[in-house]
Amino acid sequence: MHQSQAAVDASMTLPDGRRLGFRELGDPGGDALFFFHGTPGSRLSVSETDPIALIPGVRLITPERPGYGLSDPKPDRVLLDWARDVAELADHLGIPKFAVGGVSGGGPHALACAYALKERVTVALVLSSPSPTGFRGATDGMSTGNRLGLLFQRFAPGLLRRMMRSNGAAFEKDPDGFLNAIVRQMSSSDREIMSEEAVRETIIRDLHEAYRQGGDAHAIDGALAMTGRDWGFDLRDIAVPVYLWHGDQDRLVSQAMFRHLATSIPHCTAHIVPEAGHLLDGNAMVIKEMGHAFKLHVA
């Protein structure tokens, strides 16, 4: 069995002069998986002891999207811009082909890479991802807060951006209170996970880094991924294999969104995870299935 390396934090300079922060961990001699954090999040969302970093044969790279952590902002970005950033990072690291993955708000960014980088991406592994919302019933079963966010994005996007930008200040003022407000919107299974002190400490550390530059990145990220009616590409044009996992108790992203992705993406294997909520990246069954899917499509 390989020895998982200690996490290494680094950054690179992109062709337009922006800095892109990332973390490397897992098996340094393994095949590459670029895994994208949620919204908000940072490279610190995964540590060397997390189950996803311990999947055998995986060299795990967790880049930070613009405005989070070490990554410089890109205020006018669209989802497909992320595919270009990831391609540049892969070139920088000397990786010709790779898998992509993402959790929650990282899911749309993984699918954007699967669409735009079909010659390089071997497989996309996506957990608890939202979908475009331009269909009837998209928000059925979601928490009140997230449903309101979608309504604001449709009818008052400027107000929503201002509200989301204030999250950084609210978190820094009272991290526990901020986290508790999120937990109240989650399923009972998620609340049980979030009651573990080690989990809370990890998430608070991740959010401190996510909000290092303020709340603008969260506002932009949320508008693109969590409240996007149009992602700038057609899901039916994704040509690489995609694996989806979604908890049957998820209240932050609806079952309807999962079904929309599952029925729109051509080469898609979709899994409903029983008795699970939004937090799937620590679920033993999901991690095992991710490992199997990864091995089927290694570069």
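The legends below describe close-up views of one predicted model.

In this predicted model, local features need pLDDT of at least 70 and side-chain atom pairs count only at pLDDT 80 or more, whereas totals for chains, interfaces and linings use all residues. Residues are numbered from 1 along each chain as its sequence is written, and side-chain values use heavy atoms, with hydrogens and water left out.

**View 1. Packing of helix α6 against helix α8.** Helix α6 (residues 175-183) packs against helix α8 (residues 197-210) at an angle of about 110 degrees, and their axes are 11 Å apart. Helices (H or I, at least four residues) and strands (E, at least two) are DSSP runs, numbered from the N terminus. Axes are lines fitted to C-alpha atoms, for helices over the stretch in contact, and angles run from 0 to 180 degrees between N-to-C directions. The angle makes α6 roughly perpendicular to α8; angles of 65 to 115 degrees carry that description, those under 35 count as roughly parallel, those over 145 as roughly antiparallel and the rest as oblique. From α6, the residues P175, D176, F178, L179, N180 and V183 meet R200, I203, I204, L207 and H208 of α8, where contact means heavy atoms within 4.5 Å. The residues of this contact divide into seven nonpolar, two polar and two charged. Here Ala, Val, Leu, Ile, Met, Phe, Trp, Tyr, Cys and Pro count as nonpolar, Asp, Glu, Lys and Arg as charged, and the others, Gly among them, as polar.

View 2. L179 is located in helix α6 and counts as buried, with 2% relative accessibility. Buried means under 20% relative accessible area, exposed over 50%, and partly exposed in between (1.4 Å probe, protein chains only). Not counting residues up to four places away in sequence, L179 touches M194, R200, I203, I204 and L207. The C-alpha atoms of L179 and I204 are separated by 7.9 Å, although these residues are 25 residues apart along the chain.

**View 3. Aromatic pairs.** The structure holds eight aromatic pairs. Rings of Phe, Tyr and Trp (its six-membered ring) pair if their centres lie within 6.5 Å; planes under 30 degrees apart count as stacked, over 60 as edge-to-face and the rest as tilted. F171 and Y211 form a tilted pair, at 5.7 Å centre to centre and with 40 degrees between the planes. Because F171 lies in helix α5 (residues 167-173) and Y211 in the loop between α8 and α9 (216-226), this pair ties together parts that are 40 residues apart in sequence. F171 and Y211 are both buried. The rings of Y243 and W245 are stacked, with centres 6.2 Å apart and planes at 20 degrees; Y243 and W245 are buried as well. Ring pairs also link Y115, W231 and F233 into a cluster.

View 4. The peptide bond that joins T39 and P40 is cis, with omega about -5 degrees. P40 belongs to the loop between β3 (31-36) and β4 (58-63). H218, in helix α9, is buried, at a relative accessible area of 10%. Leaving out residues up to four places away in sequence, H218 touches T39, P40, Y68, M164, N167 and Y211.

View 5. S128 is placed in the loop between β6 and α3 and has a positive phi of about 55 degrees although it is not a glycine. S128 is buried, with a relative accessible area of 0%. S129 is found in this loop, between β6 (121-127) and α3 (144-155), and is buried, at 3% relative accessible area. Apart from its neighbours within four places in sequence, S129 is in contact with S104, G107, P108, H246, V253 and L261.

**View 6. E275 in the loop between β8 and α11.** E275 lies in the loop between β8 (268-273) and α11 (284-296). Its phi is positive, about 55 degrees, although E275 is not a glycine. With 66% relative accessibility, E275 counts as exposed.

**View 7. The cysteines C113 and C268.** A disulfide is a pair of cysteine sulfur atoms within 2.5 Å, and by this rule the count comes to zero. C113 is in no disulfide, and the nearest cysteine sulfur, that of C268, is 17 Å away. C113 counts as buried, at 0% relative accessibility, whereas C268 is partly exposed, with a relative accessible area of 21%.
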